[in-house]
Amino acid sequence: MKRKTTFTRVRRPLGPAVWYLESDHLLVSNQRLFWAEYHRFYFADLRSITFWPAPRYWIRVGLKVLLAGLITWLMALLNSTIAVIVVLAAGVALVARELEQGPDANTRLETTHGIYHIPLASRMRHGPKLLEQIARQRAELAPAAQAAAE
Amino acid sequence: MCHLPLVALAGAAQSPPPSVVKPETTVGEGGTCFFHPENAAVVACGDCGRFVCALCEIELDGRKYCPACFEQGQTGETIAAVRQRDFLYDSLALAVGWWWLLFYFTWILALPGVLYLAIAQWNAPKRYLVPRSRWRYPVALLGLVLPPALFVLAILIAVRVRR
């Protein structure tokens, strides 16, 4: 079997969702612990793909701020100025990186036979690029399908 | 929290589905379909070799199937194009190979388990619908060998230092 090229991968605690862009469909390997479930989304059946910001992003940012603050406070209690500076700098860097990456994305795929919530993009900022690639692939397929139908 | 969808790819199917019935090109003189004796056969099944008509022909990934082989392949998940799921033996081996550290006394069970998976299912990652490399097996075995080896080494060093 030929090796497939990954289109996008979304990491999750119990296993990633790995997407492959095929000639006429999107294949997703939805991994949960030791199982990989496959779904095929044919372009002809695909009605819409929607992304919206996930609330978990703000929870994660909040937790990081809280953790950095807590460790900094502990270091301050130990009267260690260098440790305070190091922990504070690391905390600020982590939170700044998180804010720079932007919010996580929830995904909704609507096809002619159902609605699926399998993450396609990890962050909102990746969404437009992925949709553009899918739209391009669909556009390439359209004349071929037309010719086959005729 | 704003839940307005920010990006959407919309639009119904752009193109009509490809036609199901193919032009009649019979496979042999007077050959008829195994399932419909009144129909002319157009192709032989790639699995069992039965002649089938255009109505029965099922094409997947460039291979032709008769309805019986297709159904068998679907239930047995032997046809890759319709496979729904795979059990990830290599991921299981990797988990067992390192998770034993949480319950150290399970090492004695984890070692034969991982060895069995690594030998019996060595080729499994290549057979998945999306094939992947086998690196998880050696890493799992490393998880079973390296920590105990380091532990023994630490004890030996401690003994030598004390002397």
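A residue counts as buried if 20 or more other C-beta atoms lie within 10 Å of its own, exposed if 12 or fewer, and partly exposed in between, with C-beta atoms placed from the backbone. The model is predicted: local features need pLDDT of at least 70 and side-chain atom pairs pLDDT 80 or more, while totals for chains, interfaces and linings use all residues. Residues are numbered from 1 along each chain as its sequence is written, and chains are lettered from A and ligands numbered from 1 in the order in which they are written.

**A:Leu94**
- With 15 other C-beta atoms within 10 Å, A:Leu94 is partly exposed.
- A:Leu94 belongs to helix H2 (residues 81–101) of chain A; helices are DSSP runs of H or I, at least four residues, and strands are runs of E, at least two.
- Beyond four places in sequence, A:Leu94 touches A:Lys64 and A:Ala68, where contact means C-beta atoms, placed from the backbone, within 7 Å.

**Helix pair**
- Helix H1 (residues 56–77) of chain A packs against H2(A) at about 175°, with axes 8 Å apart; axes are lines fitted to C-alpha atoms over the stretch in contact, and angles run from 0 to 180 degrees between N-to-C directions.
- H1(A) and H2(A) are therefore roughly antiparallel, the term for angles over 145 degrees.

**Cores**
- The largest nonpolar core has 20 residues, and A:Trp19 and A:Ala105 are among those with the most contacts inside it; such a core is a set of buried Ala, Val, Leu, Ile, Met, Phe, Trp, Tyr and Cys residues joined through C-beta atoms within 7 Å.
- Another core, apart from it, has 14 residues, including B:Cys56 and B:Cys66.

Notes: Two residues are in contact if their C-beta atoms, placed from the backbone, lie within 7 Å. Angles under 35 degrees count as roughly parallel, over 145 as roughly antiparallel, 65 to 115 as roughly perpendicular and the rest as oblique.
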